[in-house]
Structure formats: C-alpha cells, structure tokens
Amino acid sequence: MGEAEEWSGAAESESGRTGGRQEGATVTETERPGAGEQSGHGKGQRQRMADSADSKPLNRRGMLAVMGMTGVGLLSASLLNRTSTSAGAGSVRAAVYGPGPAWAGDSVVPVTIAELRTIASADESCLYYVTDRGREGMFVYDPADATTADNNGTVFVSSSGARFKRIVGESVDVKWFGAFGDGYNHPLSDTFATLAAARVWYPHAKALSDETDWCAIQAAIEAVKSGTTGTTVVWIPSGTYIVNQAIRAEVDNIVLQGTGASVISLETDYIALLVNKTTPPSTTVEPVRNVVVRDLTFQAVKGFGPSNAGIVALNHCIDVLVDNVRVIGDSAQLTARQRMTNGIATSQGTNGVLRNCVVDGVSKPGYYVANGTRDLRVEGCEARNVSGHLGAQPGMGVSGADRIQFVHCNSHHNQGAGLQISTDGYPAPAGTPATNVQVIGGQFHNNQGHGILTGTNVPGQYPRHFQIIGADTSNNKLHGVNITGGHHVTVTNHTSKENGSGGILIDNGAGLVTNVDVINPNVYNNAQLLTIGGIVIRGASRVTVQGGRVFDSQETKTQDYGIEFFPHAGGVKPSDIRIIDVSSFGNKLSDYALGVVEGANVEATTGYYRIQDNGTPESVLSAPPGSEYTDTATGIQYVKQSGTGPTGWKQVSLL
C-alpha cells in the first residue's frame, strides 16, 4: 500500500472494622494496568483512611488529601455495600445490601450511570462511585464546567447539566465507553432509535449498524485525544471486540494496549487499524508520532480485510512501535472475494519498529514495507500462509523504502518468496527502488517460491545496496536466494540448503545485476526438483564468491555442480567473476565445472579464481587468465596462462 488510503474490580474484602482497623482486607490484582483501584497505595493508606473516619466523615477534599486522586480507587469494591445520602438512597441496591460504612456516608456516593445522569443537585464535596459492571470508577462533579460533552466514559452530564468527570489512572478502558468484548454483534440500533441519538455519545458513528465495540474503542481514543484524561494509554481488556469500521489511532503518543488475549475482529471487508491523518480539505497525510500498538490480535475471518491495503495500515507514523501483534486472515475467503490484502503495511514516512508480530493467511505480503517508509526495523516477526488469487505473493515485501532491517524473522509456507526486495511502481513511470536493506539472521523456508527474491517490476530499475547476513533459506520450492535485480549486494555467512532449485542464483538476464559479493556461503544438497548447481551465475558481472562451502552430502546426489555458469538470454557470458578459496566437494557431476548450455561450454570471460580440487585442471576447468589451482591429490599448483576455456593451465614448477 504505497499511497494514503482513504476511509469513505479487584475486590477488597471488608470483613468488619474493630477499633478503627479493617481486618482481612486483601487486594486482588486485575489485568488492567494503571487503574486507580490497583495503584501502589498499600494498607497503610487504607488504615489512615479508616482512622480518620472514626473521628469524623471525610469530605472529598479531605479524602483526596489523605489518599491522592489515584488512591481513592482502593475504596471501590467496598463502597458497593452502602447507600447514598445524595442519590439512590432508596435504590434496590440499598435494600439488598443494606447501609455501608457510616464514615463514607457523606463523602462517597455509589450510583449507576443512569442515576448519575438524573442527579438534580450535584455535591462538589462528594465522590461519586459508578457501580455499573465493567465501567466502575470514581467521578467528581466539576461546577466550573458547563460545556464539556457527555462522552459516555470519562464524562457524564446529568439532566441538570452537571459535569461528572472520572478520576483516571494510567489508562483509559474501552469498557468505560460501553465496549462489550464478548464476540457478539451489538449494533447501535440495539440501544438507540436514531443515529442522532447515538451521536450524542458517539459523534464518530456513521450508521446505526455500526458496532458498539468499535464506537467505544474510538470514543476512548477520542477521550485521550482531548487531552483531558491525563494519559494516552487506551486499555483493551481480554475479549473479542467486533468492529465494522477502521479504528483511527491518529493521536501523538497514543498506546493501544491489549493483554495478548485481546482480539479485534473485523465485521466488514475493511481496514481494522488505520493511521492516515489528514486535515480536510487537504489530502496530504500528516505525521502522527510515537504510536504504540501492543499485545493485540486483529482477526479478519468474518470481514476479510481491505483491498489493496493492510488490515493494519500505518501511513506517516513517526517512531511507531508495533509489538506482539497478530494479524489473522483467511486466504481462501480473500481468494474467493478477490481481495488484495496485506497484514501490516507501512508507507509515506513511517519509521520505527515492528517486533514479535505474526501475520497469517493474507493474500498479499504479510508485511509490506512500502513507498516512503524509512528507518524501519522488523524484528522477530513471522509471516506464514500468504496466498491468494494474485499468485506468488511473498510473506514479507519491501519496495520503495530506505534503510530497512529484517532481523531474525521467520517467513514460511507462503505462495511466493519468504522475502521479496523490489521496486515500487510509485511514482509512475520511474518507480522507487528499495535501498539500504539489511536481512540479519532469520529463516526463510518451505515457501512455494524462493527463500529470498530480489528484483523489480519496473523496467530499468533495481534495488540498491542491500545485505543478507547470517540468514537461512532452506526447503523452498525454487532457489534459496534469487538475485534478479540488485546493485551492490552482499550475501554473508548465508546457509542455503535442500531447495528445489539452486542455493544462490545471481541472474543478470534483465541486465539489472552488478557488484555482488557472496562471502563464506554454506550451500549444500540443493536442486531437489531441478538439476542445477549450488551457486549459479547467469550472465552477471562483477561477482565475487569467497570462502565457504558448496557441496552435496546426500547418498543420492542432486546438486550437479558446485558453481555453475550460464549466459543470459542475449548470450552474454559472465564477466569479472572472482572465485576465491571456496571449498567445493561431493557434487553430482563435478565440483568445479561449467554447465553445458546449447552444446557450448560457458565460461567467465574475465576475473580471477583461486581454487583447489582433486585432479588436474587441464581440459576440465574453465577459468580467466591468471587464475590459480591446486591439485589436492598431488599438491601440484597450476596457473591459467591463456584463454578462458578449460585449456591453457600450466604447472607452477614448469613455468
């Protein structure tokens, strides 16, 4: 997706008080971090609270002085067992539970949200404790505010116009705004008769068919955006939340925090999480800084994701962190619906870190690092089962981006390559190549295409300056590494084994490959489906293979040559080829030999070899003049005196 997408209570038991003390009081940790009820205030503060209560009731100001705003939440559960002197005194709750502690009677009022909205005369000296399940919390009346709208979560407005504001700890909980998280549909039409009525609480609602979970999540984000909550953390507890619109996290420093068991489930064929900030009428994408998305699953198995965009789409996100996020698609449904859907897509200036994420079952690259992405690190991420009607889509793809790292990633069982480094078609017609890409460690295996593919879909363009360091490409149907486009390429300490075709192919068939260094490769037992060499150089120039091993250790050999040469389609032979101190042994036909293509030997026209093998090189090994050869059986050394074919070798002692 290279361009901007447009979007049309922990219980504190109270077994009694004796002599001003609470006995048996315990605090149970909940999963929601930062809640006022679970802050670091200990029993000492609760004891001070009780001791003060023995002498006289505390008003709100006194209570806050003793406990602090966050510490007030420690009272939350125990306050359920009392009545209100200001509201709800005759409620069913009072009849069932009886009166609460006398010391709290003039200070804390337990109410439902419905009761809070009907209070005719608010008391500035009281704390109001909302008891609705999942939405519990302390509220204060703000007499100085007559304008803030009811947002159904952190601000409630009574029929008399009083503004009650939640005491917020370190996070804003989406359930405060009415999110269910039970995996069932809850359209706004279940609660509201008209869209206008729904928009009183959810101004961003588009239709009565909108899911309450989406409205609540977006409302929590808008509350954080308002700057009135004192935090930028939006807490999404464990559960499955149904969304039918894109969650727009376009707030600087926002944190969308789940539990690892928090699931965002798409109900429509659209983006689940989108950062694409614009200020109408302008369509220019604006930066959003320090967005964090952590411990969430985005599930697209009811709605199946967008077309030509990511289920998670991040445009112009500066210093983004996406950590421990799963994106789950359904490639069969995407194929049936002809949807072209990425998992996580970045573009237009996005930088930062994608870490410990999994993308499974989408129809375009699971991770698409697209045009304009800069300085992005993809670390410890996994892509799998990418397939669809487009065919041969990679698990991970980077194009039109600069300074990108893939570190210890795992990409497997994809329809195309494990990783593809290429050129973005934007802006047309020249396109933008990927540049300065590093692949450090990781495994790219069991793919239907290549392990790692570099190339282009833009004539005359090619990726530049990329490195593959210490990676493993194994058991892929085609080549382990296929370099069909690239300038200044380094493949270092790379293992490529048991692939269907060659271990490493350097293919200059389109004239787009030059300056390739393969250092210390470990290439073996390849050509499982197609007879070919371990390392294949096709019409390329300025290629060095230095050190390492190219061999076949199988009982039934499949890898015919150690290093094999071909001309490209125009008949141009490889040139300026250097093969230095490579250990090649055990291959099916010959350790060092030149493949026979159309009945003619193919040799490198220029370059330099320093190699060794068992036997004399004369009439066997083609090499550029000046090359050196050692016969391991006799220790005799040879130098290539003339020609580029297999003749012209002379013993050093006879020179």
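Which residues of strand S26 (residues 396–399) are buried on one side and which on the other? Met-396 and Val-398 are buried on one side and Gly-397 and Ser-399 on the other, so that both faces of the strand are covered, where buried means under 20% relative accessible area, exposed over 50% and partly exposed in between, with a 1.4 Å probe and protein chains only.

This is a predicted model, in which local features need pLDDT of at least 70 and side-chain atom pairs count only at pLDDT 80 or more, whereas totals for chains, interfaces and linings use all residues. Residues are numbered from 1 along each chain as its sequence is written, and side-chain values use heavy atoms, with hydrogens and water left out.

**View 1. Overview of the protein.** The protein has 7 helices and 54 strands, these being DSSP runs numbered from the N terminus, with helices (H or I) of at least four residues and strands (E) of at least two. Of its 655 residues, 57% count as buried. The accessible surface comes to about 24900 Å², of which 49% belongs to carbon and sulfur atoms; accessible areas come from the Shrake-Rupley method with a 1.4 Å probe, and for residues only the protein chains shown count as cover.

**View 2. Strand S26 and its two partners.** Strand S23 (residues 367–369) runs parallel to S26 and is joined to it by 3 bridges, with Tyr-368 standing opposite Gly-397. Strand S29 (residues 419–424) is also parallel to S26, here through 4 bridges, and Leu-419 in S29 is the bridge partner of Met-396. Two strands are taken to pair if DSSP finds at least two bridges between them.

**View 3. An open sheet of 5 strands.** The strand order is S3-S4-S5-S7-S6, with mixed pairing. Strand S3 (108–111) and strand S6 (155–157) are the edge strands, each pairing on one side only. Neighbouring strands of this sheet are turned by 30° against each other on average, direction ignored; the axes are lines fitted to C-alpha atoms, for helices over the stretch in contact, and angles run from 0 to 180 degrees between N-to-C directions. S6 and strand S7 (residues 163–166) pair in the antiparallel sense over 3 bridges, and Phe-156 stands opposite Phe-164 in S7.

View 4. Because 12 of the 14 residues are buried, H6 is largely enclosed by the rest of the structure. The buried residues, among them Trp-214, Cys-215 and Ile-221, pack against strands S8 (172–173), S9 (233–235), S10 (239–243), S11 (247–248) and S12 (255–266). Just after the helix, Gly-227 takes a positive phi of about 80°.

**View 5. Gly-178 in its loop.** Gly-178 lies in the loop between S8 and helix H5 (195–201) and is buried, with a relative accessible area of 16%. Its C-alpha atom is separated by 7.4 Å from that of Asn-152, 26 residues apart along the chain. Leaving aside neighbours within four places in sequence, Gly-178 is in contact (heavy atoms within 4.5 Å) with Arg-135, Tyr-202, Thr-212 and Ala-216.
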